[in-house]
Amino acid sequence: MPSTWFVHAPLMPPLVKRHECPTYSYMGMCRPPAVKTATVDDTTALHWRVVFDNYPDSVWFIMEEKMEVEKKYITVEELKLHNKPGDLWISIQGKIYNVSDWVNDHPGGATILYDLGGQDVTDGFMAYHPSTVWKRLGKYFNGYHLKDFEISEASKDYRKLHAEITQMGLFENKGHGALYNITTIVVLLYLVVYGVLKSDSVLVHFVCAVMLGVLWIMGAYMGHDAGHYQVMASRKWNQIIQVLAGNCLTGISIAWWKWTHNQHHIACNSLDYDPDLQHMPVFAVSTKFFHSLTSVFYGRKMDFDHVARFLVSHQHLTYYPIMIVGRVNLFIQTFLLLSSKRSIPNRTLNIMGILFFWTWFPLLVMCLPSWTERVMFVLVSFTVTALQHIQFTLNHFSGDTYLGPPTGNDWFEKQAAGTIDISCSKYMDWFFGGLQFQLEHHLFPRLPRCQLRTVSPTVKELCKKHNLPHRSLSFWDANVTTIRVLRKAALQAWDMTLPVPKNLAWEAINTHG
């Protein structure tokens, strides 16, 4: 017969709830008699199922100890064999889950699971999923446990910090940022439309174009936050914000963004797996692209031909001009995805949102009195949004890179190596949308942007403890570093006279990452 334990837990916030205890099943709450007790510490508390929203100074739970069942084990090497379609296993906290039949239904996309198949994915799973998802794992458990997996010290500290952030309630404390942003976007949109329709002044129209660019930047940040489910309390309302801020307001499909962005987070700065570094034939952040790498994500070869060589050899000069028209590429990527045969969640809703954008935006532009002002209006608004495109590249172009698929056992290490923070004053947080704390965001993608500054000092301490990079540059220094990286690769691409062996030797000594 299983034994009964009366477990005493100190005061815990409502956030520490709905986590399933692997050893005990929840039975109820009462005032215990004088029997054997156990105190739950802060970290362990995350693994207890707590179903009360209001806590007295101390709460007592009766937990029934589950019957010990003989466990079946597999090794890390055996787990690696289950990494293909139809035979896809993953490990989370030592338990093995068979996701072969569910992979195509994964909300984050099937590609991520295929990339991480046959591995322990505990850190990535914790980073991306709220506590409510843990209870859904049971039906995929295949009865096996991982036998010889060793957790790195960095991962142990990362998991502990994640638990502390959870207990502090930071994941759920979204602040009033969303309200401020929505209000600002609505006011800016009103001013833009009013200025275009009611004024004949070129200067007013110029200012309206600037405001439209700022509006698009804020809308993109709002769509990004909603895509990580940081904005609203419910998944449904976050999805509504995604479509409104992404498709309807900026003309960029949230379906495209989620497809590429989730992969970027998982395979941060992998040259052949991270789509955010695959900008051939225009940009190459590493000379490894000169060997015509194959993009595993897009399923195509990135040829380094004469055209690519010419463009890359001038990339440090064309970087800023291309950022000005970078929005055009995002429009093209949206159309390519929505018109493809790829399975897309909410395809119809995404298409309707894009059609809405391409209705109101051209109509607004056509309300201007001349083609000169219309071209000026579009170019100015695009130029303003270039600031955001530049920031996105600053966060990663000068980070460390690598070849190959992402691995689940070095989550902290890979995120630290591939990201660059942008240092700024608190009053400029709105301008960077929280993404100036790039490493913090990559480690805790569900953390609302208003909390990133709070956890940044602790993340910096952990990086120092484990000898991991935590690079934080000013906006100017980040630009200088990025241009330096682009120029280094450009000079190598320009020198067409060097034979291949000498090129490879140069790369071995000087390659970025």
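**Ground rules.** I am working from a predicted model, where local features need pLDDT of at least 70, side-chain atom pairs count only at pLDDT 80 or more, and totals for chains, interfaces and linings use all residues. Residues are numbered from 1 along each chain as its sequence is written, and side-chain values use heavy atoms, with hydrogens and water left out.

**Overall.** I looked up the secondary structure and found 20 helices and 13 strands in the protein chain. These are DSSP runs (helices H or I, at least four residues; strands E, at least two), numbered from the N terminus. Of the 513 residues, 51% are buried. Buried means under 20% relative accessible area, exposed over 50%, partly exposed in between (1.4 Å probe, protein chains only).

**Salt bridges.** I used this cut-off: a side-chain nitrogen of Lys or Arg within 4 Å of a carboxyl oxygen of Asp or Glu. The structure holds nine.

I checked Lys465 and Asp157 and found a salt bridge, 2.8 Å from N to O. This pair links distant parts of the chain, 308 residues apart: Lys465 sits in helix α18 (residues 452–465) and Asp157 in helix α5 (residues 153–168). Lys465 is exposed at 57% relative accessibility. Asp157 is buried at 16%.

Next I took Glu77 and Lys80, whose closest N and O atoms are 3.2 Å apart. Both lie in helix α1 (residues 76–80), three residues apart, about one turn of the helix. Lys80 is partly exposed, at 42% relative accessibility.

I then found Asp410 bridged to Lys414, with the closest N and O atoms 3.2 Å apart. Asp410 is buried at 17%; Lys414 is partly exposed at 22%.
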